[in-house]
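Trainee: I would like to go through this structure with you, one element at a time. Could we look at the model together?

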Amino acid sequence: MLPASNRLRLPEDFRRCIRAGGRSGGPLVVVHLLVPTPGTPDSTAGAQPRVGFVVSRAVGKAVTRNLVKRRLRHLVREHLSVLPDAALLVVRAQPAAATADYAELGAELERCLQRCLRKVA
């Protein structure tokens with residue numbers, strides 16, 4: 001489970017991250033990463049990164065969507081230390097994520113996240 005301080009909740013934060021952030025995708029997930037530039041109101045020093053998830057009905061029924069969301073939440077928690085301060089991360093599950101196992105989701109998330117971080121650096 002993600003701590004409350006690391007959860008992305010507001011719809012405008014989701015929109016801003018998806019529209020203005022860098023994107024990297026694969027067959028299982030699409031990762032959107034927005035790192036605020038220093039000096040902007042969003043770039044509060046020492047602010048923790050926040051993460052949100054989008055798992056649509058195309059992934060499957062409620063039980064399947066919740067399973068995918070739980071797996072992604074657990075996998076992202078392991079990568080929080082890699083994210084820059086005040087970063088916004090949105091992880092969108094593709095329909096193929098419903099049939100993927102934990103290791104496949106983890107490898108895909110790692111690959112997409114590394115690609116996004118390389119674009120930012």
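Trainee: Is Arg16 buried, partly exposed or exposed?

Mentor: Arg16 counts as partly exposed, because its relative accessibility is 26%. Buried means under 20% relative accessible area, exposed means over 50%, and partly exposed lies in between, with a 1.4 Å probe and protein chains only. Before we continue, please note that this is a predicted model: local features need pLDDT of at least 70, side-chain atom pairs count only at pLDDT 80 or more, and totals for chains, interfaces and linings use all residues. Residues are numbered from 1 along each chain as its sequence is written, and side-chain values use heavy atoms, with hydrogens and water left out.

Trainee: Where does Arg16 lie?

Mentor: Arg16 is part of helix α1, residues 11-20. Helices (H or I, at least four residues) and strands (E, at least two) are DSSP runs, numbered from the N terminus.

Trainee: What does α1 lie across?

Mentor: Helix α1 lies across β1, β2, β3 and β4, and runs at about 85° to β4. Axes are lines fitted to C-alpha atoms, for helices over the stretch in contact, and angles run from 0 to 180 degrees between N-to-C directions.

Trainee: In what order do the strands come in the sheet?

Mentor: The order is β1-β2-β4-β3, in an open sheet of four strands with mixed pairing. Its edge strands are β1 and β3 (50-54), each of which pairs on one side only. Two strands pair if DSSP finds at least two bridges between them. On average, neighbouring strands of this sheet are turned by 15° against each other, direction ignored.

Trainee: How many bridges join β1 to β2?

Mentor: Four bridges join these two strands, β1 and β2, which run antiparallel.

Trainee: Why is β2 described as largely enclosed?

Mentor: Six of the six residues of β2 are buried, so the strand is largely enclosed by the rest of the structure. Both of its faces are covered: Val29, Val31 and Leu33 are buried on one side, and Val30, His32 and Leu34 on the other.

Trainee: Changing topic, how many residues does α3 have?

Mentor: Helix α3 covers residues 102-120 and has 19 residues. From its first C-alpha to its last it reaches 27 Å, close to the 27 Å expected at 1.5 Å a residue. The expected span of a helix is 1.5 Å times one less than its number of residues.

Trainee: Which residues of α3 are buried?

Mentor: They are Leu105, Gly106, Glu108, Leu109, Cys112, Leu113, Cys116 and Leu117. An α-helix has 3.6 residues a turn, so residues three or four places apart point the same way.

Trainee: What covers the buried residues of α3?

Mentor: The cover includes β1 (22-25), β2 (29-34), α2 (62-77) and β4 (88-93). Helix α3 lies across β1, β2 and β4, and runs at about 30° to β2.

Trainee: At what angle do α2 and α3 pack?

Mentor: They pack at an angle of about 50°, with their axes 10 Å apart. The helices α2 and α3 are therefore oblique to each other. Angles under 35 degrees count as roughly parallel, over 145 as roughly antiparallel, 65 to 115 as roughly perpendicular and the rest as oblique. The contact is made by Arg71, Leu72, His74, Leu75 and Val76 of α2 and Tyr102, Leu105, Gly106 and Leu109 of α3. Contact means heavy atoms within 4.5 Å.

Trainee: Where is His79 found, and what does it touch?

Mentor: His79 is in the loop between α2 and β4. Not counting residues up to four places away in sequence, His79 touches Leu109, Glu110 and Leu113. His79 is buried, with a relative accessible area of 12%.
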